Amino acid sequence: MNSKLLTMDEIERDFMVSRKTGFLIDCSKLCEDALMLPKEKCKLLKLHTVLSFITAGYVWQDGGQCAAQRLPSCLAVPLVKVSDALGMKPVISYPSMMLSNWRILNVDEEFEVRNLVPIYTTPGGSGADVFILTHVVVEHRFGPAIKSIIEAIGYTHQRGTHHDQLLIQTLSVIPQVMNKMVVIFQNIKDGLAPNFYYDRLRIFYSGWGLGNTSLPNGLIYEGVQDSPLMMRGGSAAQSCTLQMLDAAFGIVHSEDEQKYLDEVRGYMLQEHRDLYDYIKDRSRIREYVESSFNESVKESYNACIMAIQGFRRHHITKAYEYITQPAKRPDRNNCVEFIRDKGTGGAGYIKFLNRIRRNTALSKLPSEHIATTKNPATKESVLNQRDQN
Ligand code: HEM
């Protein structure tokens, strides 16, 4: 394994991230005339956005009971070609529906929902736009966390009082970032009504097969292959943000949840998957803190864990507000019954999100752990500790 550490400049160059906008990709300046399969990534992403949104409309516009079973070759073939070129899946997915699907109205004003428009959207007017743009702005707020994590990894590859101070300083960015993400997320309620999201919007982000009871066997992509393809729908579970934090801080999830998170990395951009792998391979942050006798180092690590846990706790309240509560109404839209107890990414979400949040909280290091642990925690030791709780 190559254990070379990269500088932030190299990270930006190699992994399609930016210290300013994080995983967001600014595709707004491209011309619209791409008739041939273009080479540049942004053009491919734009094509993926357009083709995958049209596909979602084609499949779901008449509701779950009337979902199309076959995708015509005029859509299926280019969607698969573009997806292959990007290393993505031929279905509506996070990088093209959120990360690159925005345009700023006034560059001199703040990067806020009201100063952005989605390039492509679903039916439903401003509520549909706010859904996309909230994700875009949440991703934007994450930007500084990338630099902080890269720096923290660098500092924890060597030990020393000086490194402790640098580590504490750079880790202090993470709780600030997570709090900003929560604030943006909270504001979603001002532009997106839960009943509209439940009844009208989220069906367009659904997938096929993989537990989807409306298209249990998947969707036939005509001109691509005769047997149906199974795909997860678009979900922020395909965002690299939280997975990157898990990898950096050594947060360990239980087997089922980790299996799902591993699977949905297949819906990220290849460069973002590579960055995840880079961080997973290189991060020694947890080991460094565990074997440190500096209480302040441990406190700053735990503050990060609690902030990540705080975001996940808030996220669960949103899932409750936007899925669980509207699903209880007698007058709910019956055409979306097939995803009543599922996220758009197909997870049986209540248990899933709760366990992910709980395991994040359990990653907090107890005081005595620092003083007594000689060896770095293994995945097994963390999970054993969990089983005893
Ligand atoms: C109305 C808004 C939202 C709802 C109802 C919602 C709901 C869900 C659901 C049900 C899942 C389970 C996976 C699936 O099947 O899709 C999930 C996963 C996830 N969502 Fe959201 N979500 C919302 C917005 C967001 C936003 C704005 C973010 C921030 C980027 C986000 C980040 C995540 C992450 C990272 C996961 C994976 C679980 C984790 O790592 O904690 N979600 N979401």
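**Notes on a predicted chain and its ligand shell**

Let me begin with Met16, which is found in the loop between helix H1 (8–15) and helix H2 (41–60); helices (H or I, at least four residues) and strands (E, at least two) are DSSP runs, numbered from the N terminus. This is a predicted model, in which local features need pLDDT of at least 70 and side-chain atom pairs count only at pLDDT 80 or more, while totals for chains, interfaces and linings use all residues. Residues are numbered from 1 along each chain as its sequence is written.

Phi of Met16 is near 55°, a positive value in a residue other than glycine. The reason to mention it is that most residues other than glycine have a negative phi. Met16 counts as partly exposed, because 18 C-beta neighbours lie inside 10 Å; a residue is buried if 20 or more other C-beta atoms lie within 10 Å of its own, exposed if 12 or fewer, and partly exposed in between, with C-beta atoms placed from the backbone. Leu210, in the loop between helix H8 (194–201) and strand E4 (220–221), also has a positive phi, near 50°, and with 15 other C-beta atoms within 10 Å this leucine is partly exposed.

Turning to the whole chain, there are 16 helices and 4 strands. The C-alpha atoms fill a box of roughly 60 × 45 × 45 Å, taken along the principal axes. For 389 residues, a compact globule would have a radius of gyration near 21 Å, and the chain has 21 Å, which agrees; here the radius is taken over C-alpha atoms, and the globule rule is 2.2 Å times the number of residues to the power 0.38. Of the 389 residues, 43% count as buried. Among contacts with a separation of 6 or more, 77% are between residues 24 or more positions apart, where two residues are in contact if their C-beta atoms, placed from the backbone, lie within 7 Å.

Now to the ligand. Which residues come nearest to the ligand? Of the 28 residues around it, these are Ser235, Ala236, Gly343, Gly345 and Ala347; a residue is near a molecule or strand if its C-beta atom, placed from the backbone, lies within 6 Å of it. The elements that give two or more residues to this shell are helix H5 (126–155), helix H9 (240–249), helix H13 (295–327) and helix H14 (349–361), and the largest share, 6 residues, comes from H13. By class, the shell has 15 nonpolar, 10 polar and 3 charged residues, where Ala, Val, Leu, Ile, Met, Phe, Trp, Tyr, Cys and Pro count as nonpolar, Asp, Glu, Lys and Arg as charged, and the others, Gly among them, as polar.

H9 is mostly covered, with 10 of its 10 residues buried, and its buried residues pack against H5, helix H10 (255–264), helix H11 (270–282), helix H12 (285–290) and H13. Just after H9, Gly250 takes a positive phi of about 65°.

How far apart are the end C-alpha atoms of H14? They are 18 Å apart, which agrees with the 18 Å that its 13 residues should span at 1.5 Å a residue, the expected span being 1.5 Å times one less than the number of residues. The buried residues of H14 are Tyr349, Phe352, Leu353, Ile356, Asn359 and Thr360. They cover an arc of only 135° around the axis, which puts them on the same side of H14; the arc is that of the directions from the helix axis to the C-beta atoms. As background, an α-helix has 3.6 residues a turn, so residues three or four places apart point the same way.

Not counting residues up to four places away in sequence, Tyr349 touches Ala319, Ile323, Lys342 and Gly343, and Gly343 is one of the residues that come nearest to the ligand. Tyr349 and Tyr320 are 29 residues apart in sequence and 9.8 Å apart in space, C-alpha to C-alpha.

Finally, Met88 sits in the loop between helix H3 (73–86) and helix H4 (94–99). Is Met88 buried or exposed? Met88 is buried, with 23 other C-beta atoms within 10 Å. Leaving aside its neighbours within four places in sequence, Met88 is in contact with His48, Ser83, Ser93, Pro95, Tyr267 and Leu269.
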